[in-house]
Amino acid sequence: MNAETKIKADVLPKLLVIEDDEGLSRQLRWAYEDYEVLVAPDRATAIDLLRSAEPDVVTLDLGLPPDPDGVTEGFATLEAILSLKPATKVIVASGHGAQESALRAIASGAYDFYRKPVDIDQLGLIVRRAFQLHALESENRRLEERSGDDRTVLGTMVTSAPEMTKVARTIERVANADVSVMLLGASGTGKELLARGLHDASARRGGAFVAINCAAIPETLLEAELFGHEKGAFTGAIRTTEGKIELAQGGTLFLDEVGDIPLPLQAKLLRFLQERVIERIGGRKEVAVDTRIVCATHRNLEEMIAEGSFRDDLYYRLAEIVVRIPALAERPGDATLLAKHFLNRFAREMNPAVKGFAPAALAAIDGWAWPGNVRELENRVKRAVIMADGKLVVPEDLDFPKVEDALPVNLKAAREETDRKVIRGALGRTEGNISAAAKLLGISRPTLYDLMKQYDLQP
């Protein structure tokens with residue numbers, strides 16, 4: 001090879017052809033002059049070339065030795081390729097049970113499938129598109145690394161669900177209004193993250209954001225934490241200490257689990273909200289404080305008011321604007337999107353060898369009900385990144401408990417819910433690629449579009 005040829009080969013995209021038929025491999029090598037073609041007749045050689053040359057696209061014959069008449073070795077090779085280099089576009093070709101093999105290959109993560117006998121021109125078109133898609137995805141990853149996740153709202157919250165986008169827009173609209181905001185939602189839905197987003201979007205962003213969990217502090221200490229105390233107010237009070245309300249002067253105080261504030265303290269908090277002054281414990285002087293209150297709870301305050309355990313006048317002061325936060329299970333597509341976001345973060349910090357999720361792991365994430373919401377998802381992904389043995393997180397790494405499926409009551413409703421879940425899962429695993437999702441589901445693109453329209457689903 002002369003110097004000019006070597007330079008050309010160095011800059012050509014690399015295509016790995018895994019084919020045990022020497023005649024066909026020679027034909028493919030000469031047909032693809034726009035690529036640097038590498039040929040491997042078996043799995044071991046293919047993996048060696050994958051490690052050393054790192055090709056972007058691979059064509060894989062499923063009938064490889066020692067199982068040339070079957071597909072066992074071919075699928076083992078496919079799994080090994082995607083485990084070592086998940087971004088690789090693998091085009092699978094086979095004449096063995098083509099339809100069944102095609103569905104299995106796409107479900108396992110292959111980019112496309114081509115049935116033998118090979119038509120060089122048609123296969124060349126698929127190869128060219130695979131290179132184009134790989135280049136596009138690589139550029140997208142580089143842009144995301146530079147500019148962060150572009151599917152964020154309120155600066156830091158990652159979501160693609162219309163339900164959460166609506167919540168974020170509501171918070172942005174009320175951020176600069178001089179009103180108290182109450183965030184209602186189950187534990188783990190991201191109430192503090194939204195409260196921080198509200199503060200950062202408001203004119204008070206130059207002031208402090210102070211958060212306190214009212215349920216985590218003993219009742220006897222909570223008053224001092226909120227209102228502060230004077231020197232000598234009680235045993236151990238060796239100096240005057242400002243409370244959280246004063247510390248948030250000019251900024252925002254976030255009262256998490258406000259429903260756990262005891263009744264006597266509720267009266268003192270109400271006085272602050274009405275008059276904007278406080279008295280420290282042991283003090284005789286009123287202190288004027290300009291602090292905005294944002295609160296949150298997972299409890300039903302209206303029921304507590306009826307029971308007499310929460311003041312209705314305090315509720316109306318705190319709930320000038322009420323924002324209800326949907327559970328993760330009510331936010332289609334967010335589980336897989338957030339899982340990838342958390343994996344990227346934890347992999348950088350704890351296990352750089354982990355590069356992504358196996359398709360079965362994404363299916364498990366999409367199918368789980370997430371009773372602990374985003375906090376549970378974050379913890380499971382963190383554990384999975386630590387426990388993963390290979391480059392891809394598998395379902396076992398996520399440590400889902402085994403549960404028995406409940407029998408559906410209404411057959412039609414159960415079928416529709418299953419259809420929605422399976423379609424959302426396919427769209428999540430293919431990151432909204434309609435063609436790939438249709439192949440994964442074993443249906444045509446028009447059929448998938450019709451189903452998405454029927455169930456009001458977006459890619």
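Glu172 and Arg169 both belong to helix H7 (residues 162-174), where they are three residues apart, about one turn of the helix; helices (H or I, at least four residues) and strands (E, at least two) are DSSP runs numbered from the N terminus. The two residues form a salt bridge in which the closest N and O atoms are 3.2 Å apart, a salt bridge being a side-chain nitrogen of Lys or Arg within 4 Å of a carboxyl oxygen of Asp or Glu. By this rule the count comes to 17 salt bridges.

The model is a predicted one, in which local features need pLDDT of at least 70 and side-chain atom pairs count only at pLDDT 80 or more, whereas totals for chains, interfaces and linings use all residues. Residues are numbered from 1 along each chain as its sequence is written, and side-chain values use heavy atoms, with hydrogens and water left out.

The domain assignment of the protein chain, with bounds that come from an automatic or database assignment, gives domain 1 (14-146), domain 2 (162-324), domain 3 (329-398) and domain 4 (411-455). The C-alpha centres of domain 1 and domain 3 lie 27 Å apart, and seven residues of domain 1 are in contact (heavy atoms within 4.5 Å) with four residues of domain 3.

Strands of a sheet pair through backbone hydrogen bonds, either parallel or antiparallel. Five strands form an open sheet in the order E2-E1-E3-E4-E5, with parallel pairing, two strands being taken as paired if DSSP finds at least two bridges between them. Strand E2 (36-40) and strand E5 (112-115) stand at the edges with a single partner strand each, so one side of each is left without a neighbour in the sheet. Neighbouring strands of this sheet are turned by 20° against each other on average, direction ignored; axes are lines fitted to C-alpha atoms, for helices over the stretch in contact, and angles run from 0 to 180 degrees between N-to-C directions. Strand E1 (residues 14-18) pairs with strand E3 (residues 57-61) in the parallel sense over four bridges, and Ile18 stands opposite Leu60 in E3. Helix H4 (residues 72-84) lies across E1, E3 and strand E4 (89-94), and runs at about 165° to E3. In the loop between E3 and H4 lies Pro66, which is joined to Pro65 by a cis peptide bond with omega of about 10°.

A further open sheet of five strands has the order E9-E10-E13-E8-E14, again with parallel pairing. Its edges are held by strand E9 (209-213) and strand E14 (321-324), each with a single partner strand, so one side of each is left without a neighbour in the sheet. The twist averages 20° from one strand to the next. E9 and strand E10 (residues 252-256) pair in the parallel sense over five bridges, and the bridge partner of Asn213 in E10 is Asp256.

Arg276, found in the loop between helix H11 (263-275) and strand E11 (277-278), has a phi near 60°, a positive value in a residue other than glycine.

On the surface, Met350, Ile386 and Met387 form a nonpolar patch with about 280 Å² of accessible area together, and Ile386 is placed in helix H16 (residues 373-387). Patches are made of residues with over 30% relative accessible area and no salt bridge, like charges being joined within 9 Å and nonpolar side chains (Val, Leu, Ile, Met, Phe, Trp, Tyr) within 5 Å. Accessible areas come from the Shrake-Rupley method with a 1.4 Å probe, and for residues only the protein chains shown count as cover.
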